[in-house]
Amino acid sequence: MSDSPGQLSIFRTALERMGLLAPHEALRAEPLTGGVSSDIFRIDLARGPICVKRALAQLKVIADWRAPVERNRYEVEWMRVAAAVVPQAVPAILGEDREAGMFAMAYLDPATHPVWKTQLRDGIVDAGTAREVGRCLARIHAHTATDATIPARFDTDAIFTPIRLEPYLAATALAHPECAEALTRLIETTRSNKRALVHGDVSPKNILVGPDGPVFLDAECAWYGDPAFDLAFCLNHLLLKCVWRPASWVSLLHSFSTLYQTYLAGATWEPAADLEARVAHLLPGLFLARIDGKSPVEYITDDRDRAKVRRVALQLLHNPVDNLARVQDTWRADIARW
Ligand SMILES: Nc1ncnc2c1ncn2[C@@H]1O[C@H](COP(=O)(O)OP(=O)(O)OP(=O)(O)O)[C@@H](O)[C@H]1O
Ligand SMILES: [Mg+2]
(Lines give C-alpha, C1' and ligand atoms only; values in the text may rest on other atoms or scores of the structure.)
(Ligands and ions follow the chains in the order given, each with its own letter.)
Protein backbone atom coordinates (compact mmCIF):
# COMPACT_ATOMS: atom_id res chain seq x y z
CA MET A 1 0.00 0.00 0.00
CA SER A 2 2.68 2.41 1.06
CA ASP A 3 4.68 2.20 -2.09
CA SER A 4 1.75 2.30 -4.50
CA PRO A 5 2.41 4.97 -7.14
CA GLY A 6 -0.92 6.71 -6.33
CA GLN A 7 -0.11 6.95 -2.63
CA LEU A 8 3.42 8.19 -3.31
CA SER A 9 2.28 10.85 -5.72
CA ILE A 10 -0.23 12.14 -3.13
CA PHE A 11 2.60 12.44 -0.61
CA ARG A 12 4.91 14.01 -3.16
CA THR A 13 2.40 16.71 -4.05
CA ALA A 14 1.56 17.44 -0.41
CA LEU A 15 5.20 17.49 0.72
CA GLU A 16 6.15 19.80 -2.14
CA ARG A 17 3.32 22.13 -1.16
CA MET A 18 4.59 22.06 2.43
CA GLY A 19 8.07 22.98 1.15
CA LEU A 20 9.58 19.79 2.58
CA LEU A 21 10.44 18.10 -0.73
CA ALA A 22 12.27 19.40 -3.81
CA PRO A 23 10.63 18.55 -7.21
CA HIS A 24 12.85 15.60 -8.15
CA GLU A 25 13.96 14.51 -4.71
CA ALA A 26 13.62 10.79 -3.95
CA LEU A 27 11.27 9.66 -1.18
CA ARG A 28 10.41 6.38 0.45
CA ALA A 29 7.24 5.81 2.50
CA GLU A 30 6.65 3.12 5.08
CA PRO A 31 3.34 2.73 6.96
CA LEU A 32 3.44 2.90 10.76
CA THR A 33 1.18 0.52 12.58
CA GLY A 34 -0.88 1.07 15.71
CA GLY A 35 -3.49 3.56 14.49
CA VAL A 36 -7.01 2.90 13.24
CA SER A 37 -8.22 6.32 12.26
CA SER A 38 -5.53 7.60 9.91
CA ASP A 39 -2.93 6.64 7.37
CA ILE A 40 0.35 7.37 9.06
CA PHE A 41 3.74 6.99 7.39
CA ARG A 42 7.39 7.37 8.06
CA ILE A 43 8.78 9.18 5.03
CA ASP A 44 12.49 9.18 4.35
CA LEU A 45 13.73 12.33 2.70
CA ALA A 46 17.23 13.62 2.02
CA ARG A 47 16.91 15.73 5.20
CA GLY A 48 16.10 12.61 7.28
CA PRO A 49 12.94 10.78 8.35
CA ILE A 50 9.66 12.60 8.98
CA CYS A 51 6.18 11.40 9.87
CA VAL A 52 3.11 12.23 7.75
CA LYS A 53 -0.47 11.70 8.87
CA ARG A 54 -3.72 11.75 6.88
CA ALA A 55 -7.15 11.28 8.46
CA LEU A 56 -9.42 8.52 7.11
CA ALA A 57 -13.18 8.95 6.65
CA GLN A 58 -13.92 5.37 7.80
CA LEU A 59 -12.04 4.12 10.84
CA LYS A 60 -10.36 0.70 10.68
CA VAL A 61 -12.51 -0.84 13.45
CA ILE A 62 -15.14 -3.58 13.19
CA ALA A 63 -18.19 -1.42 13.86
CA ASP A 64 -19.15 1.17 11.26
CA TRP A 65 -17.57 4.34 12.58
CA ARG A 66 -17.19 7.42 10.42
CA ALA A 67 -15.57 10.68 11.36
CA PRO A 68 -15.15 13.99 9.53
CA VAL A 69 -11.68 14.20 7.93
CA GLU A 70 -11.26 17.89 8.81
CA ARG A 71 -10.23 16.62 12.24
CA ASN A 72 -6.69 16.49 10.79
CA ARG A 73 -6.48 20.27 10.89
CA TYR A 74 -7.64 20.42 14.52
CA GLU A 75 -4.98 17.88 15.42
CA VAL A 76 -2.28 20.17 14.00
CA GLU A 77 -3.84 23.13 15.79
CA TRP A 78 -3.83 21.23 19.10
CA MET A 79 -0.14 20.39 18.59
CA ARG A 80 0.66 24.06 17.97
CA VAL A 81 -1.20 25.22 21.06
CA ALA A 82 0.39 22.52 23.25
CA ALA A 83 3.85 23.33 21.82
CA ALA A 84 3.52 26.86 23.18
CA VAL A 85 2.82 25.49 26.68
CA VAL A 86 4.88 22.28 26.94
CA PRO A 87 7.18 22.25 23.87
CA GLN A 88 8.95 19.00 24.79
CA ALA A 89 5.61 17.15 25.09
CA VAL A 90 4.59 17.25 21.40
CA PRO A 91 6.34 16.36 18.13
CA ALA A 92 7.50 19.42 16.18
CA ILE A 93 5.05 20.25 13.38
CA LEU A 94 6.95 20.55 10.09
CA GLY A 95 4.16 21.41 7.67
CA GLU A 96 0.47 21.17 6.87
CA ASP A 97 -1.52 20.67 3.68
CA ARG A 98 -5.17 21.32 4.52
CA GLU A 99 -6.33 20.57 1.01
CA ALA A 100 -4.89 17.06 1.18
CA GLY A 101 -5.92 16.66 4.85
CA MET A 102 -2.32 15.91 5.83
CA PHE A 103 0.37 17.22 8.10
CA ALA A 104 4.03 16.43 8.67
CA MET A 105 5.77 16.18 12.02
CA ALA A 106 9.13 15.14 13.43
CA TYR A 107 9.68 11.38 13.35
CA LEU A 108 10.42 10.12 16.85
CA ASP A 109 12.48 6.96 16.83
CA PRO A 110 10.82 4.12 18.79
CA ALA A 111 14.26 3.15 20.14
CA THR A 112 14.34 6.39 22.16
CA HIS A 113 10.56 7.01 22.26
CA PRO A 114 8.74 3.78 23.10
CA VAL A 115 4.94 3.79 23.17
CA TRP A 116 3.71 3.99 26.80
CA LYS A 117 1.20 1.19 26.16
CA THR A 118 4.02 -1.12 25.07
CA GLN A 119 5.90 -0.38 28.27
CA LEU A 120 2.82 -1.09 30.39
CA ARG A 121 2.25 -4.34 28.49
CA ASP A 122 5.83 -5.35 29.24
CA GLY A 123 5.56 -4.63 32.96
CA ILE A 124 7.47 -1.31 32.82
CA VAL A 125 5.20 0.83 34.98
CA ASP A 126 6.94 4.04 36.02
CA ALA A 127 4.92 6.44 38.18
CA GLY A 128 7.26 9.20 36.96
CA THR A 129 5.71 8.90 33.49
CA ALA A 130 2.20 9.07 34.98
CA ARG A 131 3.21 12.13 36.99
CA GLU A 132 4.54 13.93 33.91
CA VAL A 133 1.45 13.04 31.89
CA GLY A 134 -0.71 14.55 34.67
CA ARG A 135 1.50 17.62 34.93
CA CYS A 136 1.61 18.34 31.18
CA LEU A 137 -2.12 17.77 30.74
CA ALA A 138 -2.96 20.14 33.61
CA ARG A 139 -0.65 22.78 32.17
CA ILE A 140 -2.30 22.57 28.75
CA HIS A 141 -5.77 22.76 30.32
CA ALA A 142 -4.83 25.60 32.65
CA HIS A 143 -3.27 27.64 29.87
CA THR A 144 -6.12 27.13 27.40
CA ALA A 145 -8.83 27.75 30.01
CA THR A 146 -7.72 31.39 30.07
CA ASP A 147 -7.02 31.83 26.34
CA ALA A 148 -10.00 33.64 24.82
CA THR A 149 -9.15 32.44 21.28
CA ILE A 150 -9.59 28.74 22.08
CA PRO A 151 -13.43 28.43 22.02
CA ALA A 152 -13.70 29.67 18.42
CA ARG A 153 -10.60 27.81 17.21
CA PHE A 154 -11.81 24.48 18.60
CA ASP A 155 -15.54 24.71 18.07
CA THR A 156 -15.62 21.01 17.18
CA ASP A 157 -18.79 19.63 18.79
CA ALA A 158 -19.70 18.23 15.35
CA ILE A 159 -16.54 16.07 15.45
CA PHE A 160 -16.27 15.30 19.16
CA THR A 161 -19.85 14.04 19.40
CA PRO A 162 -19.62 11.38 16.64
CA ILE A 163 -16.06 10.37 17.46
CA ARG A 164 -16.16 10.32 21.30
CA LEU A 165 -19.54 10.78 22.97
CA GLU A 166 -21.59 8.59 20.63
CA PRO A 167 -19.30 5.56 20.17
CA TYR A 168 -18.37 5.43 23.84
CA LEU A 169 -21.21 6.69 26.01
CA ALA A 170 -24.28 6.73 23.73
CA ALA A 171 -23.52 3.29 22.24
CA THR A 172 -23.07 1.91 25.77
CA ALA A 173 -26.40 3.40 26.83
CA LEU A 174 -28.05 1.40 24.02
CA ALA A 175 -26.36 -1.80 25.24
CA HIS A 176 -27.34 -1.11 28.89
CA PRO A 177 -30.88 0.30 29.17
CA GLU A 178 -30.63 -0.15 32.98
CA CYS A 179 -28.06 2.66 33.18
CA ALA A 180 -28.95 4.61 30.02
CA GLU A 181 -30.17 7.54 32.10
CA ALA A 182 -26.89 7.81 34.02
CA LEU A 183 -24.87 7.59 30.79
CA THR A 184 -27.05 10.21 29.09
CA ARG A 185 -26.47 12.51 32.07
CA LEU A 186 -22.71 12.03 31.65
CA ILE A 187 -22.97 13.05 27.99
CA GLU A 188 -24.92 16.17 28.96
CA THR A 189 -22.51 17.13 31.75
CA THR A 190 -19.51 16.64 29.48
CA ARG A 191 -21.12 18.66 26.68
CA SER A 192 -22.09 21.52 28.94
CA ASN A 193 -18.80 22.08 30.79
CA LYS A 194 -16.91 24.12 28.23
CA ARG A 195 -13.73 25.16 29.99
CA ALA A 196 -10.48 24.24 28.23
CA LEU A 197 -8.83 22.63 25.22
CA VAL A 198 -9.36 18.89 25.39
CA HIS A 199 -7.06 16.45 23.55
CA GLY A 200 -9.77 13.80 23.44
CA ASP A 201 -7.63 10.64 23.12
CA VAL A 202 -5.16 10.65 26.01
CA SER A 203 -4.43 6.95 25.92
CA PRO A 204 -1.11 5.17 26.59
CA LYS A 205 -1.08 4.10 22.94
CA ASN A 206 -0.98 7.78 21.98
CA ILE A 207 1.84 8.73 24.32
CA LEU A 208 5.52 8.14 23.61
CA VAL A 209 7.92 8.04 26.54
CA GLY A 210 10.87 10.15 25.45
CA PRO A 211 14.08 11.13 27.23
CA ASP A 212 12.52 14.52 28.12
CA GLY A 213 9.20 13.07 29.27
CA PRO A 214 5.94 12.06 27.61
CA VAL A 215 5.14 13.11 24.05
CA PHE A 216 1.44 13.37 23.20
CA LEU A 217 0.31 12.19 19.75
CA ASP A 218 -2.99 11.81 17.98
CA ALA A 219 -4.96 14.93 18.86
CA GLU A 220 -7.60 14.53 16.18
CA CYS A 221 -10.43 14.67 18.73
CA ALA A 222 -9.29 18.15 19.87
CA TRP A 223 -12.25 20.04 21.30
CA TYR A 224 -13.02 23.07 23.42
CA GLY A 225 -14.93 21.38 26.19
CA ASP A 226 -14.69 19.58 29.49
CA PRO A 227 -11.10 18.87 30.64
CA ALA A 228 -12.53 16.15 32.92
CA PHE A 229 -12.86 14.03 29.78
CA ASP A 230 -9.07 13.91 29.20
CA LEU A 231 -8.23 12.96 32.76
CA ALA A 232 -10.97 10.33 32.94
CA PHE A 233 -10.00 8.91 29.56
CA CYS A 234 -6.38 8.42 30.57
CA LEU A 235 -7.15 7.10 34.06
CA ASN A 236 -9.55 4.61 32.50
CA HIS A 237 -6.69 3.06 30.56
CA LEU A 238 -4.63 2.61 33.72
CA LEU A 239 -7.56 0.80 35.37
CA LEU A 240 -8.18 -1.46 32.40
CA LYS A 241 -4.49 -2.34 32.22
CA CYS A 242 -4.88 -3.97 35.67
CA VAL A 243 -7.14 -6.55 34.02
CA TRP A 244 -4.69 -7.01 31.14
CA ARG A 245 -1.60 -7.22 33.34
CA PRO A 246 -2.71 -8.41 36.80
CA ALA A 247 0.94 -8.86 37.87
CA SER A 248 1.36 -5.05 37.64
CA TRP A 249 -1.83 -3.96 39.38
CA VAL A 250 -0.10 -2.43 42.43
CA SER A 251 2.16 -0.23 40.30
CA LEU A 252 -0.66 0.56 37.85
CA LEU A 253 -2.86 1.82 40.69
CA HIS A 254 0.09 3.80 42.04
CA SER A 255 0.43 5.40 38.60
CA PHE A 256 -3.33 6.05 38.64
CA SER A 257 -3.17 8.00 41.92
CA THR A 258 0.08 9.77 40.99
CA LEU A 259 -1.42 10.93 37.71
CA TYR A 260 -4.65 12.31 39.11
CA GLN A 261 -3.04 13.92 42.16
CA THR A 262 -0.44 15.71 40.03
CA TYR A 263 -3.10 16.78 37.57
CA LEU A 264 -5.50 18.09 40.23
CA ALA A 265 -2.68 20.02 41.92
CA GLY A 266 -2.30 21.94 38.63
CA ALA A 267 -6.03 22.51 38.05
CA THR A 268 -6.28 26.26 38.57
CA TRP A 269 -9.31 27.13 36.46
CA GLU A 270 -12.10 25.75 38.66
CA PRO A 271 -12.43 24.17 42.12
CA ALA A 272 -10.48 20.90 42.00
CA ALA A 273 -13.25 19.07 43.90
CA ASP A 274 -15.83 19.88 41.18
CA LEU A 275 -13.50 18.70 38.47
CA GLU A 276 -12.58 15.55 40.40
CA ALA A 277 -16.26 14.72 40.90
CA ARG A 278 -16.93 14.95 37.15
CA VAL A 279 -13.95 12.67 36.46
CA ALA A 280 -15.09 10.18 39.12
CA HIS A 281 -18.58 10.12 37.60
CA LEU A 282 -17.30 9.69 34.04
CA LEU A 283 -14.85 6.89 34.77
CA PRO A 284 -17.34 4.02 35.21
CA GLY A 285 -19.13 5.17 32.04
CA LEU A 286 -15.83 5.00 30.20
CA PHE A 287 -14.72 1.62 31.49
CA LEU A 288 -18.12 0.14 30.69
CA ALA A 289 -17.77 1.73 27.24
CA ARG A 290 -14.51 -0.11 26.61
CA ILE A 291 -16.34 -3.39 27.21
CA ASP A 292 -19.74 -2.78 25.58
CA GLY A 293 -19.37 0.38 23.46
CA LYS A 294 -18.36 0.66 19.82
CA SER A 295 -14.62 0.38 20.49
CA PRO A 296 -14.00 -2.36 23.06
CA VAL A 297 -10.40 -2.80 24.21
CA GLU A 298 -8.77 -5.64 22.32
CA TYR A 299 -6.99 -7.07 25.36
CA ILE A 300 -9.93 -7.95 27.65
CA THR A 301 -11.22 -11.08 25.99
CA ASP A 302 -12.22 -13.36 28.88
CA ASP A 303 -15.97 -13.24 29.58
CA ARG A 304 -15.36 -13.42 33.34
CA ASP A 305 -13.11 -10.34 33.17
CA ARG A 306 -15.69 -8.50 31.11
CA ALA A 307 -18.38 -9.42 33.62
CA LYS A 308 -16.27 -8.05 36.50
CA VAL A 309 -15.67 -4.72 34.78
CA ARG A 310 -19.41 -4.48 34.02
CA ARG A 311 -20.28 -5.20 37.64
CA VAL A 312 -18.02 -2.46 39.03
CA ALA A 313 -19.18 0.00 36.37
CA LEU A 314 -22.86 -0.58 37.09
CA GLN A 315 -22.29 -0.31 40.83
CA LEU A 316 -20.57 3.08 40.40
CA LEU A 317 -23.04 4.33 37.82
CA HIS A 318 -25.94 3.55 40.15
CA ASN A 319 -24.15 4.88 43.25
CA PRO A 320 -21.78 7.60 41.99
CA VAL A 321 -18.82 8.64 44.15
CA ASP A 322 -17.27 12.11 44.04
CA ASN A 323 -13.62 11.32 44.54
CA LEU A 324 -11.10 9.29 42.66
CA ALA A 325 -9.70 7.53 45.73
CA ARG A 326 -13.12 5.89 46.14
CA VAL A 327 -13.18 4.81 42.49
CA GLN A 328 -9.71 3.38 42.95
CA ASP A 329 -10.70 1.56 46.15
CA THR A 330 -13.75 0.04 44.47
CA TRP A 331 -11.63 -1.08 41.54
CA ARG A 332 -8.97 -2.52 43.83
CA ALA A 333 -11.52 -4.42 45.90
CA ASP A 334 -13.48 -5.85 42.99
CA ILE A 335 -11.07 -6.12 40.09
CA ALA A 336 -7.43 -5.85 40.94
CA ARG A 337 -7.42 -8.51 43.65
CA TRP A 338 -8.82 -11.77 42.52
N1 LIG B 1 5.73 11.56 15.07
C2 LIG B 1 5.83 10.24 15.18
N3 LIG B 1 7.01 9.63 15.23
C4 LIG B 1 7.11 8.28 15.33
N5 LIG B 1 6.05 7.45 15.40
C6 LIG B 1 4.83 8.01 15.36
C7 LIG B 1 4.65 9.42 15.26
N8 LIG B 1 3.32 9.67 15.23
C9 LIG B 1 2.72 8.47 15.33
N10 LIG B 1 3.61 7.47 15.41
C11 LIG B 1 3.33 6.02 15.53
O12 LIG B 1 2.16 5.72 14.80
C13 LIG B 1 1.13 5.21 15.68
C14 LIG B 1 -0.22 5.72 15.25
O15 LIG B 1 -0.23 7.14 15.31
P16 LIG B 1 -1.56 7.94 15.68
O17 LIG B 1 -1.98 7.51 17.03
O18 LIG B 1 -1.31 9.39 15.49
O19 LIG B 1 -2.55 7.38 14.55
P20 LIG B 1 -4.11 7.14 14.53
O21 LIG B 1 -4.46 6.37 13.32
O22 LIG B 1 -4.80 8.45 14.71
O23 LIG B 1 -4.34 6.27 15.83
P24 LIG B 1 -5.68 5.86 16.62
O25 LIG B 1 -6.01 4.51 16.21
O26 LIG B 1 -5.24 5.90 18.06
O27 LIG B 1 -6.73 6.88 16.32
C28 LIG B 1 1.55 5.69 17.09
O29 LIG B 1 1.08 4.83 18.08
C30 LIG B 1 3.07 5.66 16.98
O31 LIG B 1 3.54 4.36 17.21
MG1 LIG C 1 -3.43 6.69 18.03
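## Magnesium site, sheet and salt bridges

The protein donors of the magnesium ion (ligand 2) are N206 (OD1) and D218 (OD), which lie 2.1 to 2.2 Å from the ion; donors are N, O and S atoms within 2.8 Å of the metal (3.2 Å for Na, K and Ca), and since water is not among the atoms, sites may look incomplete. N206 belongs to the loop between β6 (196-198) and β7 (207-210) and D218 to the loop between β8 (213-216) and β9 (223-225), so the pair ties together parts that are 12 residues apart in sequence. N206 is buried at 6% relative accessible area, and D218 is buried at 12%. Here buried means under 20% relative accessible area, exposed over 50%, and partly exposed in between (1.4 Å probe, protein chains only).

This is a predicted model, in which local features need pLDDT of at least 70 and side-chain atom pairs count only at pLDDT 80 or more, whereas totals for chains, interfaces and linings use all residues. Residues are numbered from 1 along each chain as its sequence is written, chains are lettered from A and ligands numbered from 1 in the order in which they are written, and side-chain values use heavy atoms, with hydrogens and water left out.

An open sheet of 5 strands runs in the order β1-β2-β3-β5-β4 with antiparallel pairing. Its edge strands, β1 (28-31) and β4 (93-97), each pair on one side only. Strands are DSSP runs (E, at least two residues), as are helices (H or I, at least four), numbered from the N terminus; two strands pair if DSSP finds at least two bridges between them. Strand β3 (residues 48-55) and strand β5 (residues 102-106) are joined in the antiparallel sense over 5 bridges, and R54 stands opposite M102 in β5.

A106 is also in strand β5 and is partly exposed at 23% relative accessibility. Beyond its neighbours within four places in sequence, A106 contacts C51, P91, A92 and L94, contact meaning heavy atoms within 4.5 Å.

The whole structure holds 29 salt bridges, each a side-chain nitrogen of Lys or Arg within 4 Å of a carboxyl oxygen of Asp or Glu. Three of them are tabulated.

| Salt bridge | Closest N to O distance |
|---|---|
| R42 and D44 | 3.0 Å |
| D292 and R310 | 2.7 Å |

D292 lies in helix α10 (residues 272-292) and R310 in helix α11 (residues 303-318), so this pair ties together parts that are 18 residues apart in sequence. Salt bridges with shared partners also join K53, R71, E75, D218 and E220 into one network.
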